[in-house]
Amino acid sequence: MAQVTAPKQPITVTAPKRSITRQMRNEWTAYAMQLPGLLLFAVFTVYAVGAAAYLSFTNYDPVARSGDFVGWANYRAVLHDGTWWAAMGHTLYFTLGTMIPSMVIGLGLASLLNSKIRGLSFYRTAFYLPAITPLVIATLLWKWLYNGDYGLINYYLLRLHIIDTPIQFLADARWAMPAVILMQIWLSIGFNMVVYLAGLQAIPAELYEAAEVDGATAWQRMRRITIPMLWPTTIFLLVFQTILGMQTFDQIFVMTSGGPPGPGGATTTVTYYIYLNAFQYLKMGKASALAWTLFLVVFALSLIQFRWYVKQVER
Amino acid sequence: MSTVAGGTEVKPSGVVPVPTVGKPARRRRLRPGTLATYIFLTAFAILFVAPFVYMVTLSFQPLGDMFSYPPHWIPLHPTVSNYSGFFTSDHPIGRWIFNSAFVSISITVLQLFFNSLLAYTFAKRKFPGRDFLFFLGLATLMLPSQVTLIPNYLILRGIPLFGGNNLAGFGGHGWLDSYWGLIAPNIGNPFAIFLLRQYMVQIPDEFIDAARVDGANHWRIYWKIVIPMSKPALAAVAIFTFQFQWQAFFGPLIILASRQLYTLPLGLALFEQGHRSVWNLIMAGSVVGALPLIIVFFIFQKQFVQGISLAGSKG
């Protein structure tokens, strides 16, 4: 572009003007290309965020399609809502309980697969299979596996004499959440493994060769090379899994409906509780206040993770 | 770790270019440590795949056998009646599969088109407001989807002149309970835009300048140069979008009301909650519902793994 306009400039006086009109025309096509996407963004994100802020200060009733301004009442209600903070705890329990084991096992499997092993694609496919199962279908399947009367898990536990009577995993307040977590670990290991495998393959082999020359042990190589080099990958997975964990809904809806004993019970997550308030109890104002509270928590968590990341990189 | 040590041991003999030397070296590599690795990986793989095998097995058992105790891994009375019953039952399951396919393919195609346009302008065009818009889009990545959930529901309900609504958006259900409502809010995807943009930035400007000199307009540059050169990133976005949308549950749950419009995950989940005696159909439906993603994975395995490492490194 510069090559075309440059020789013209000294010849004609109108050159700068032309370049401005050309630039404007160029810009016009850029805006035209942005338009459809921007329109959707304006409606479903920008306007929606404003509406969510407004709704959180009203007692909007979706059936009457009207609501009054109530000030901070919804937020005060949220602060004193024990079920909400319990749901926060359940979500944290679920997120950490899933994230830590699935990342550790994922890293372990990835490093085993990264050594010169044959049948890499077979193992990778096997471990990744749960991750490509539609979530609702995986959950229905596990609901069957957990069943107290004919489920496979109770059958094997009984046969191995680990338990004497079947455990009603999903109807027992102590077992329901661990049961959902176990399924989720099974689901998410594959993704973590593939991401870690990519991270491992990106580490230059020279680093390991140099360490070997220096006589570093396997553990030292792991601690001094692998883990530091994988920090960006690890942070990516942490952030990703935290976001996913905060949105946990399908598993809960299908497997336990938030119980036992029922909605609001031992497996009620934040998203499930927001869903209950908005679409079952029809308190859309309060549900919006809940969502903003969640935003603050997620924002704080992201900040902590980010600062931690910066610290690790600086070291 | 012992494999690494073993690898260094055999290195000297491996240098000798005699084929017969290679064989003992390879056999030597299968030391107890390596063998343990294979056993461990295989055991893990079996554990990961077993629930699927069981699901497929169950889908070929009559309802009575499914509930029998002990459970059977090999069907006692193999039957395909669950599959035929699936399409003849009074639940329009064939229609659900069509709905899922139609909605997820539509979203994937529209996302690729609109988001790549946005990504291209963000990556290769210079226009006032570009950096601000890009930053705004990135900032929404931090926003939990729960915040915009309720407003978007209300926006869809208030779309004027649709679903019995008047010009002001009152009186009917708007885009709720329609394909529009399932598709429109899902077209914009900041993560896809970001991923594509990061990829397109790497395309050398020389290609674009050369095309400009040849008289190509921006639309042509986008379509003939940028799109073909971004294929790996586009493939990754397409695969992830399709995978994500095929299993979408929350959106369809709150948007849809009529059973004819259910997507497969929604249909299966509500099916299960309403009727306890249709587990044979659910298992058959689950196998059918899991197949598309497994097929997509096997066809695009390379792009899949590439895409994940792309997301991991860019994200």
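Keep in mind that the model is predicted.

**Overall build**

- Walk along chain A from the N terminus and you read α-α-α-α-α-α-α-α-α-α-α-α-α-α. Its radius of gyration is 27 Å, well over the 20 Å that the globule rule gives for 315 residues, so chain A is more spread out than a compact globule.
- If you're setting up a box, the C-alpha atoms of chain A fill one of roughly 95 × 75 × 35 Å along the principal axes.
- Buried residues account for 38% of the 315 residues in chain A, and for 39% of the 315 residues in chain B.
- Take the contacts in chain A between residues at least 6 apart in sequence: 66% of them join residues at least 24 apart. For chain B, that share is 63%.

**Where the chains meet**

**The largest nonpolar core**

- This core holds 147 residues, and the ones touching the most other members are A:Leu290, A:Ala291, B:Ile150 and B:Leu196. Both chains are represented in that list.
- Helix α8 (residues 176-201) of chain A gives the most to the core, with 16 residues.
- What does A:Ala291 touch, leaving out residues up to four places away in sequence? Within chain A, A:Ala291 touches A:Ala52 and A:Ile274. Across in chain B, A:Ala291 touches B:Pro144, B:Gln146, B:Val147 and B:Leu149.

**Helix α13 of chain A, tucked inside**

- Nine of the 11 residues of α13 (residues 270-280) of chain A are buried, so this helix is largely enclosed by the rest of the structure. Buried here means that 20 or more other C-beta atoms lie within 10 Å of a residue's own.
- The buried residues are A:Val270, A:Thr271, A:Tyr272, A:Tyr273, A:Ile274, A:Tyr275, A:Leu276, A:Asn277 and A:Ala278.
- Which elements cover them? From chain A, the cover includes α4 (82-114), α11 (231-246), α12 (250-255) and α14 (284-314). From chain B, it includes α8 (145-157).

**How α11 and α14 of chain A pack**

- The axes of α11(A) and α14(A) come within 11 Å and cross at roughly 170°. That makes α11(A) roughly antiparallel to α14(A), because angles over 145 degrees count that way.
- On the α11(A) side, the residues making the contact are A:Trp231, A:Ile235, A:Leu238, A:Val239, A:Thr242 and A:Met246.
- They meet A:Leu294, A:Val298, A:Leu301, A:Ser302, A:Gln305, A:Tyr309, A:Gln312 and A:Val313 in α14(A).
- Sorted by class, this contact has 10 nonpolar, four polar and no charged residues.

**Backbone spots worth a look**

- The loop between α12 and α13 of chain A holds A:Pro260, and A:Pro261 lies in that loop too.
- A cis peptide bond joins A:Gly259 and A:Pro260, with omega at about -10°. The next one, from A:Pro260 to A:Pro261, is also cis, with omega near 5°.
- A:Ser257 is in the loop between α12 and α13 of chain A as well. A:Ser257 has a positive phi of about 50° although it isn't a glycine.
- Over in chain B, B:Asp177 is another non-glycine residue with a positive phi, near 55°. B:Asp177 is placed in the loop between α8 and α9 (179-183) of chain B.
- B:Asp177 is partly exposed, with 19 other C-beta atoms within 10 Å.

Notes:
Residues are numbered from 1 along each chain as its sequence is written. Chains are lettered from A and ligands numbered from 1 in the order in which they are written. This is a predicted model: local features need pLDDT of at least 70, side-chain atom pairs count only at pLDDT 80 or more; totals for chains, interfaces and linings use all residues. Helices (H or I, at least four residues) and strands (E, at least two) are DSSP runs, numbered from the N terminus. The radius of gyration is taken over C-alpha atoms; the globule rule is 2.2 Å times the number of residues to the power 0.38. A residue is buried if 20 or more other C-beta atoms lie within 10 Å of its own, exposed if 12 or fewer, and partly exposed in between; C-beta atoms are placed from the backbone. Two residues are in contact if their C-beta atoms, placed from the backbone, lie within 7 Å. A nonpolar core is a set of buried Ala, Val, Leu, Ile, Met, Phe, Trp, Tyr and Cys residues joined through C-beta atoms within 7 Å. Axes are lines fitted to C-alpha atoms, for helices over the stretch in contact, and angles run from 0 to 180 degrees between N-to-C directions. Angles under 35 degrees count as roughly parallel, over 145 as roughly antiparallel, 65 to 115 as roughly perpendicular and the rest as oblique. Ala, Val, Leu, Ile, Met, Phe, Trp, Tyr, Cys and Pro count as nonpolar, Asp, Glu, Lys and Arg as charged, and the others, Gly among them, as polar.
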